[in-house]
Amino acid sequence: MYSNLLQYLHANNICYETNVSLKKKTWIHRGGMCDVYISPVNRKELIGVVRQLYHQKYDFLVIGHSSNIYILNSCNVSVIVSTKKCSNYEIKDGHIYCDAGVGVIRLAKDMTKHGIAGFEYLTDLPGTVAAAIYNNASCKKNSISQLLVCADVILPDGRQITLLPDDFGFVYRGSCMKRKELLGVIVGLILKAEPGNALQLQNISSSNIAERRLLLESYAKTLGSTMNNCFSKGRMPLHYYLAYRFYNLWLKLNKNNETQRRIKCKDFICKISGYADIARYVSNEDIIIFIWKDEKADAAFPRYLEFMDKVYRTQDLEIEVVK
Ligand SMILES: Cc1cc2nc3c(=O)[nH]c(=O)nc-3n(C[C@H](O)[C@H](O)[C@H](O)COP(=O)(O)OP(=O)(O)OC[C@H]3O[C@@H](n4cnc5c(N)ncnc54)[C@H](O)[C@@H]3O)c2cc1C
């Protein structure tokens, strides 16, 4: 079934593995088996592999660090292309030329250190630059999409096109690629390199990292925000809202501090809505974060989605689930 593909990979000396457990590869250690897991090491290899896969009409999935994608354990994927090793970048003539798999954290740290502005809030943002464009990932005032000059994309017909920021139709945590209005693979991109004050940028970066470490759950067990910000998009039914408010007030009167109140309120709202069993998988810091804490988390996940729908009136997922 894969003989043409394997022949191509052999002939071009491109790294791949067969029959790979995705639990060993993905950020939250989830997923079934993958028949062929391909790891190109540079842009040329990535372009060649993607063109071959499109040409031979293989169904395939491209991933970066898989820090925003949940592949179900029951899901076997035929072919995966990992961009992780396509991690070269270079600064030239006021621009940063990046391969698709450049890690945002590494790039942002390097740029901040060298006094290049616009990266100072991205020094703790997991993932690759291409996926950051796909997702329009952001942190506070910074996003890779704001820094984007243009990106090269291979289309399903094998053509390579160059897209400008406006072509991506960016919205909060979304783009035309995430909405599947444009199919293709980002193989490289150019970012602005605008000078700033290195010391100031590094101070912003350090305090932002410290703040995120306090607010965010264990990095290895979450995918960042699971749901899109439900407070702007969702709406809590009045009876839950009032119960939540009164319980919070009662806790305050009984001298519970803010952290205690947040945790107890979360447990309370799970309990009164009939979802006490999932409370341990919901972040104490933020209701929109689900934690794949243990093996039972996968069974709790569909119930978490029900809970968010019932209590917060949102079905708006920020992560991608591959079934
Ligand atoms: C602890 C933690 C904190 C986080 N905090 C934030 C935050 O503050 N803000 C925020 O916005 N996000 C946050 N995230 C989410 C995550 O960092 C971003 O969504 C990031 O962009 C994902 O990058 P990735 O390389 O891991 O993408 P993956 O998870 O590997 O892929 C995500 C999607 O992009 C597609 N994709 C990947 N590469 C390409 C390519 N080359 N061409 C086309 N499509 C591609 C994949 O097919 C998939 O659909 C956080 C995640 C974690 C784990």
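**Helix packing, fold and ligand shell**

Modeller: In this predicted model, Tyr240, Ala243, Tyr244, Tyr247, Asn248, Leu251 and Lys252 of H8 meet Gln260, Arg261, Lys264, Cys265, Phe268, Ile269 and Ile272 of H9.

Colleague: What makes these residues of H8 and H9 count as meeting?

Modeller: Two residues are in contact if their C-beta atoms lie within 7 Å, and the residues named in H8 and H9 meet in that sense. By class, the contact comprises nine nonpolar, two polar and three charged residues.

Colleague: How is the packing of H8 with H9 described?

Modeller: Two packed helices are described by the angle between their axes and the distance between those axes. Helix H8 (residues 238-253) and helix H9 (residues 258-272) pack at about 145 degrees, with axes 10 Å apart. The crossing of H8 past H9 is right-handed.

Colleague: How do you know whether the radius of gyration of the chain agrees with that of a compact globule?

Modeller: A compact globule of 323 residues would have a radius of gyration near 20 Å; the chain has 21 Å, and therefore the two agree. The C-alpha trace spans about 70 × 50 × 30 Å along its principal axes.

Colleague: What share of the residues counts as buried?

Modeller: A residue is buried if 20 or more other C-beta atoms lie within 10 Å of its own; 38% of the 323 residues count as buried.

Colleague: Which helix gives the most to the shell around the ligand?

Modeller: H4 does, with five residues. Of the 33 residues around the ligand, Gly64, Gly127, Ala131, Ala137 and Gly224 come nearest. The shell divides into 19 nonpolar, 12 polar and two charged residues.

Definitions and conventions
Residues numbered from 1 in each chain as written. Predicted model: local features only at pLDDT ≥ 70, side-chain atom pairs only at ≥ 80, totals over all residues. Rg over C-alpha atoms; globule rule 2.2 N^0.38 Å. Buried ≥ 20, exposed ≤ 12 C-beta atoms within 10 Å, placed from the backbone. Axes fitted to C-alpha atoms, helices over the stretch in contact; angles between N-to-C directions. Helix = DSSP H or I, 4+ residues; strand = E, 2+ residues; numbered from the N terminus. Left-handed = near helix turned anticlockwise from the far one by under 90°. Nonpolar A, V, L, I, M, F, W, Y, C, P; charged D, E, K, R; others polar. Near = placed C-beta within 6 Å.
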